[in-house]
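This report describes selected contacts and interfaces in a protein structure. Please examine the sequence and the structure shown here before reading on.

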Amino acid sequence: MTLPSLNLLAQSILSGIFLGGMYGLIGLGLGLSWGLLRQINLAHFGYVFLSGYLCYQMTQYWGMDPLLALLILPPIFFGIGVVQQWALARFRITPFNSLLVTFGLTVMIESLIQWIWTADFRKMQTHYNELKFSVGGIFVPIPELFTLLLAVGLAFAIWAAMRFTDLGKAMRAMAEDAPIAAAFGINERGLSLLLSGLCVALAAVAGICFAVIFTLTPTQIFSWVGVVFAAVMLGGLGSALGPLVAGIIIGVSEAIAMVLFAPSWAPIVSFSLLIMMLLFRPGRA
Amino acid sequence: MLNIKRLAAAAAVALGCAGLFSAQAVAQGSGPIRIGGTLALTGPLSATALVHKLTGEIYIEDLNSRGGLLGRKVEWIVKDDQSKPEVARTLYEQLVTSDKVDLLMGPYATGAILSSIGVAQRYNKMIISHTMGIPALAKYDMHFPGWSVGPKPEDTVPVTVFEGLAQLPKPPKTIAIVTSKFPSVHFLSVGAREVAKKRGLQEVLFLEWEFGNRDFGPIAARVKDAKPDLVWVGDIGLEGNMLLEAMKKIDYVPPLNIHLYPAPGPMANSPESQGAMALTIFEEHKPFTDNPVAAKFVKTFNERAKAAGLPYTAVETQAAASFSAWQILEAAVRATNSLDDRKMADWLKANQVDTIQGKLRFDRGNNYGDDLMRVKQVQDKNWVTVWPKEWAAPGATIKTR
């Protein structure tokens, strides 16, 4: 094994941090839904891609700026999240069954995307793709940096809201023990709808960033499930900051594995970390 | 009364005779010739399968306008294998045993093709495939490939590429080989390592990634660090684009880069892919379009693809391989004047077939013939063939940065 140059190592680690930011951003809503609502919402990945495709449509066909999509799509997806939670509650779907139901929903979203935009690759070409700057020979792409900052900003905002606001405390109390929380006047139904809406809105934000950075294909939906699940479980269910931190750890570990060993080792990293965590800290997830 | 009885008897005899003649007609095949096959009409491979479907429809339409085969119309029964080899196997079983098709046409993509070959072998049916990427796996003696890559493309394809690059005023001396582990590209990249070594090209980097890799940043950084004259990218689909995008983000443009099977549309249209090279068997320019059959197909395909909303409407490897597969089937039926699978297979092994990608023969390993792979390059957002010279677009040569 030959040691890589410092520049190569730094550039690769930066790439891993950015990818970890994306893992964290996708995992944020998924982890909150899983930890606080007890819903393993696999459709979260479908929503991420649906949002990405809608952003693609808005920019490539309607000439809108992707940043504008950040203002339009999350509120719409908030509404979708509310409707989904209402339906899950209405039919009394258990946490395990939510996995199956939302898996079915994901397949339906994938089919819908394929029907509208076909299975072909869709790449959003915007002027943001060209933006980058260099610091000491290390190149920093602006869209990736923006995504990371957005992920950090949202994670901290949600963490602070959960910790310091009455609404956040009520959500945590609801997750801890819903009947006792209800006895103290917490409106479980309303909070669940709100939280579900928030989680799906976060999926929409992740989807927009995804569309700016990556190329879209419907079948990619499932290729992100494993690693984002690993980030969420490593970070802790219901945690706002955990998935981001875990995502960055995974992204950087994968990048280092790619530089020091071979790129084909990268997928082993996230799951090795997850297995180690489950072995040595079994109560964590 | 007697007359009525005689009349009834005569009618019964007449009806019986008619039935007999009708049964004979069916046995001889007076209805349409039914060709069965599957395509990945849904699922991850559906984008490319649509090219094959469109090509098949165009071909059958044209064939019927020329009178069909053996004086009968031709009907193509195409089923959706959902991009799943196991579904393809079931559907080919159905086509042979339940639909009782006269002839088989293979699917698209290596996995489904292998499944269909297995069924064809079980029922002693001849099968022609569109794009069978790994010749060594196609051992059935009545399988014939529409994609002429030769029996050992891992040896011959790199030679074609390196010979083309050797003609440059400043030929590459160092090479980085980075490749997906996707089977049909990986073995070619491994072959390229051996050929490069034999030709004196110094390998400065060899990397492999798992199919579905998300982060090409570290790979791009390692290629940049290795400073190769030539980057051989064993990519499939969008991987090459992702690698070139990652390179652009670190302000690196490889001097020469050749890709195996990139998605043609995205690579031609992407700004960072200008100058990228890839492999091809057909591009819609002269001398390929000097063939009137090819020219006619190109025109029709362009129109239909546009109408079908395909993002890339040009005829290239996929459509050409598909068209060639149909040409092979037609040639075999016409030459033998029969639908007998064994007769047709024997004829194909002993003869050559004129196709839009060139003359194909099937007399070498696993019924493969010559390696007709050529090198193309993105120039001004268009793919143009640049090597070998006799197949290059008028005035086109390999351009370096």
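Which side chain does a polar contact of 3.3 Å join to that of E272(B)? The partner is K248(B), side chain to side chain. The model is a predicted one.

## The surroundings of E272(B)

E272(B) sits in the loop of chain B that runs between helix 9 (264–269) and strand 10 (277–280). With a relative accessibility of 15%, E272(B) is classed as buried, the limit being under 20%. Besides its contact with K248(B), the side chain of E272(B) makes a polar contact of 3.0 Å with the side chain of S270(B).

When residues up to four places away in sequence are left out, E272(B) touches L244(B), E245(B), K248(B) and R401(B).

## Helix 8 of chain B

Helix 8 of chain B covers residues 239–249, and nine of its eleven residues are buried, so the helix is largely enclosed by the rest of the structure. Among the buried residues are L244(B) and E245(B), both of which are touched by E272(B). The buried set also includes E239(B), G240(B), N241(B), M242(B), L243(B), A246(B) and M247(B).

After helix 8 of chain B comes D251(B), which has a positive phi, near 60°.

## The interface between chains A and B

The contact between the two chains involves 32 residues of chain B and 35 residues of chain A. Together the chains bury about 2900 Å², and carbon and sulfur atoms account for 58% of this area. On the chain B side, R214(B), R222(B) and K249(B) lose the most area to chain A, and together they make up 26% of what that side buries. Five salt bridges are counted between chain B and chain A, along with twelve residue pairs in polar contact, both residues being at pLDDT 80 or more. At least two residues each of the chain B side that touches chain A are supplied by helix 2 (46–65), strand 7 (202–209), helix 7 (217–226) and helix 8 of chain B. Helix 7 of chain B gives the most, with seven residues. By class, the side of chain B that touches chain A comprises 13 nonpolar, seven polar and twelve charged residues.

Side chains of opposite charge can pair when their charged atoms come close. K249(B) and E144(A) form such a salt bridge, with 2.4 Å between the closest N and O atoms. Another salt bridge, at 3.7 Å from N to O, joins the side chains of K132(A) and D251(B). This pair crosses between chains: K132(A) belongs to strand 1 (residues 132–135) of chain A, while D251(B) lies in the loop between helix 8 and strand 9 (256–262) of chain B. K132(A) is partly exposed at 30% relative accessibility, and D251(B) is also partly exposed, at 48%.

## The two domains of chain B

The domain assignment divides chain B into domain 1 (33–148 + 289–370) and domain 2 (153–280 + 375–391). Their centres, taken over C-alpha atoms, are separated by 29 Å. Nine residues of domain 1 of chain B and twelve residues of domain 2 of chain B take part in the contact. About 750 Å² is buried between the two domains, with 69% coming from carbon and sulfur atoms.

One salt bridge is found across this domain interface, and one residue pair is in polar contact there, both residues being at pLDDT 80 or more. The side of domain 1 of chain B that touches domain 2 of chain B has four nonpolar residues, four polar and one charged.

Over all chains, the structure holds 29 salt bridges. In one of them, R304(B) meets E61(B) with the closest N and O atoms 2.7 Å apart. R304(B) is in helix 10 (residues 292–307) and E61(B) in helix 2 of chain B, so the pair ties together parts 243 residues apart in sequence. R304(B) is partly exposed, with a relative accessible area of 28%; E61(B) is partly exposed as well, at 46%.

R66(B) forms a salt bridge with E330(B), the closest N and O atoms being 2.7 Å apart. These residues are 264 residues apart: R66(B) lies in the loop between helix 2 and strand 2 (74–80), and E330(B) in helix 11 (residues 317–336) of chain B. R66(B) is partly exposed at 40% relative accessibility, whereas E330(B) is buried at 9%. Through shared partners, salt bridges join D62(B), R66(B), K296(B), E330(B) and R334(B) into one network.

Definitions and conventions
Residues numbered from 1 in each chain as written. Chains lettered and ligands numbered in written order. Predicted model: local features only at pLDDT ≥ 70, side-chain atom pairs only at ≥ 80, totals over all residues. Heavy atoms only, no water. Helix = DSSP H or I, 4+ residues; strand = E, 2+ residues; numbered from the N terminus. Buried < 20%, exposed > 50% of the residue type's maximum accessible area, 1.4 Å probe, protein only. Polar contact = N/O pair within 3.5 Å; in protein donor to acceptor, adjacent residues only side chain to side chain. Contact = heavy atoms within 4.5 Å. Domains from an automatic or database assignment. Buried area = accessible area lost by both parts, 1.4 Å probe. Salt bridge = Lys/Arg side-chain N within 4 Å of Asp/Glu carboxyl O. Nonpolar A, V, L, I, M, F, W, Y, C, P; charged D, E, K, R; others polar.
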